[in-house]
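Dear colleague,

I am handing over the structure shown below, and after it you will find an account of what came out of the analysis. Please read the account with the model open beside it.

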Amino acid sequence: MDTSSEAPVTISADDARLFRRAVELGRRGWGRVHPNPLVGCVLVRNDEVIGEGWHREFGAPHAEVMALENAGQLAKGSTAYVTLEPCRHYGKTSPCVDALSKAGVSRVVFGASDPGEVSGGGGARLRGLGIQVEGPVLSSREARRENPGFFLDDGERPWLALKLAMSLDGKISAAPGLRTRISSPESDTEVQRLRAGFDAILVGSNTARIDDPLLTVRGDSVPRVVPLRVLLDAEGKIRPESRVLEPGGGPVIFLTTGLSTSRWRDEIQARGGSVIEVDSGQAGGVSLSAALEALRLEGTRTILCEGGGVLGSGLLREGLVDRLHLILAPTLVGPGGVAAFPWSAPLGSLNAACLDGVRDWELIDEPRRIGKDTWITLEPGGA
């Protein structure tokens with residue numbers, strides 16, 4: 001069901017406030033509902049919130065059902081604010097449109113149209129049942145912002161977020177080849193939470209050789225589906241003894257070119273890694289577009305790239321970054337440090353100094369303070 005051209009409706013300030021609460025609730029399912037979308041629901045009657053719910057776990061009751069159970073008999077005559085069009089089909093759960101109708105909900109405000117051929121069309125079904133419906137509230141761009149993997153079309157490259165921790169003077173390490181801690185422990189914990197909601201975690205060969213990362217999700221964040229660990233290594237320089245090939249994490253994929261040796265590939269595969277050959281880029285190294293295409297063929301829908309600067313800059317230059325997480329640490333590295341964006345001057349405004357000549361970027365959330373760091377989240381501007 002193609003809903004991409006459906007124009008968003010305008011709602012009142014009070015409706016918008018309650019809808020934002022539903023969005024906040026839905027985000028609590030991060031990392032646990034994949035490949036289903038994040039969905040939240042708020043039930044309101046006589047200007048009072050009487051029930052809340054969110055999709056907590058893949059296969060578990062949907063947000064609307066949880067909110068209805070929370071509200072009980074009070075649900076009759078209420079308004080439901082839900083971030084995704086209520087489903088109309090029998091899947092792992094029964095249709096939410098039936099649950100809303102049976103409970104006596106009189107009005108539904110929904111955020112994004114469901115693109116599914118079978119699951120979509122819940123708004124029309126609700127109207128047919130005599131329920132007042134307002135939606136979609138979100139544009140297609142806003143809908144994808146909240147649930148990028150869910151709204152990815154077949155054949156599209158994976159949706160990619162780039163995360164970089166940098167000092168106030170725009171550096172990611174104190175010197176070439178030197179592992180340098182930039183961000184705070186609190187930011188490191190937030191990175192683990194961020195990883196839990198992606199299909200794959202991606203790094204380049206320089207980062208892999210210098211940091212020797214595990215690329216696993218650690219701490220309190222427990223993903224329902226363990227992310228793939230993906231490394232770009234055009235010439236086969238990453239040691240087969242690297243920690244990323246130790247047991248205990250997600251599958252490991254090396255994307256390489258014809259420059260890597262058969263011996264290296266055999267050693268990687270002997271330790272449990274997979275090797276996929278792709279084309280070389282114009283400037284040498286792995287072709288980034290070919291790498292993303294190969295990952296999409298593997299079923300990958302969302303990727304978190306954690307650097308380093310060369311890979312991040314290449315992705316930015318080629319317009320392959322859909323979201324940018326910048327962790328700004330309150331420290332100065334100095335002139336000998338490695339720039340986060342090698343082509344740019346170290347100081348100045350974000351667009352002018354860091355992303356000059358690439359794309360215009362805009363904040364999608366208010367900057368957050370995590371530990372001593374400031375998190376800035378941006379997406380490309382424009383329609």
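In what follows, contact means heavy atoms within 4.5 Å, and an angle between two elements is taken between their N-to-C directions, on a scale from 0 to 180 degrees. Please bear in mind throughout that this is a predicted model.

With that in place, helix 1 (residues 13-26) lies across strand 1 (40-45), strand 2, strand 3 (79-84) and strand 4, and runs at about 140° to strand 1. Helix 2 (residues 63-71) lies across strand 1, strand 2 and strand 3, running at about 140° to strand 2. The sheet to which these strands belong is open and has five strands in the order 2-1-3-4-5, with mixed pairing. Its edges are formed by strand 2 (48-54) and strand 5 (132-134), each of which pairs on one side only, and the twist from one strand to the next averages 15°. Strand 4 (residues 107-112) and strand 5 run parallel and are joined by three bridges, with Arg107 standing opposite Gln132 in strand 5.

In the loop between helix 1 and strand 1 lies Pro35, which is joined to His34 by a cis peptide bond with omega about 5°. A cis peptide bond also joins Gly135 and Pro136, again with omega about 5°, and Pro136 lies in the loop between strand 5 and helix 5. Asn46, in the loop between strand 1 and strand 2, has a positive phi of about 55° although it is not a glycine, and at 71% relative accessibility it counts as exposed. Leu215, in the loop between helix 7 (205-211) and strand 9, has a positive phi near 60°, but Leu215 counts as buried, at 3% relative accessibility.

Of the 41 residues that line it, the closest to its centre are Val23, Arg27, Arg145, Glu146 and Arg323. Two or more lining residues come from each of helix 1, helix 5 (140-146), helix 6, strand 13 (323-328) and strand 17 (373-380), and helix 1 gives the most, with five residues. Helix 6 (residues 185-195) also holds Ser187, which is buried with a relative accessible area of 0% and touches Ile327, Ile370, Asp373 and Trp375, leaving aside residues up to four places away in sequence.

Two further helices deserve a description. In helix 8 (residues 262-270) the buried residues are Trp264, Arg265 and Ile268; seen down the helix axis they fall within an arc of 100°, so they line one face of helix 8. The face turned away from that buried side carries the exposed residues Ser262, Arg263 and Ala270, while the cover over the buried residues includes strand 10 (252-256) and strand 11 (274-277). Helix 9 (residues 288-297) is largely enclosed by the rest of the structure, because seven of its ten residues are buried, that is, have under 20% relative accessible area. These are Leu288, Ala290, Ala291, Leu292, Ala294, Leu295 and Arg296, and among the elements covering them are strand 6 (159-166), strand 12 (302-305) and helix 10 (309-317). Each of these helices is followed by a glycine of positive phi: Gly272 after helix 8, near 100°, and Gly299 after helix 9, near 95°.

With best regards

Terms used. Residues numbered from 1 in each chain as written. Predicted model: local features only at pLDDT ≥ 70, side-chain atom pairs only at ≥ 80, totals over all residues. Heavy atoms only, no water. Pairing = 2+ DSSP bridges. Helix = DSSP H or I, 4+ residues; strand = E, 2+ residues; numbered from the N terminus. Buried < 20%, exposed > 50% of the residue type's maximum accessible area, 1.4 Å probe, protein only. Arc of directions from axis to C-beta. 1 Å grid on protein atoms, 1.4 Å probe; cavity = no way out; pocket = protein on both sides within 12 Å on 5 of 7 lines; lining within 4 Å.
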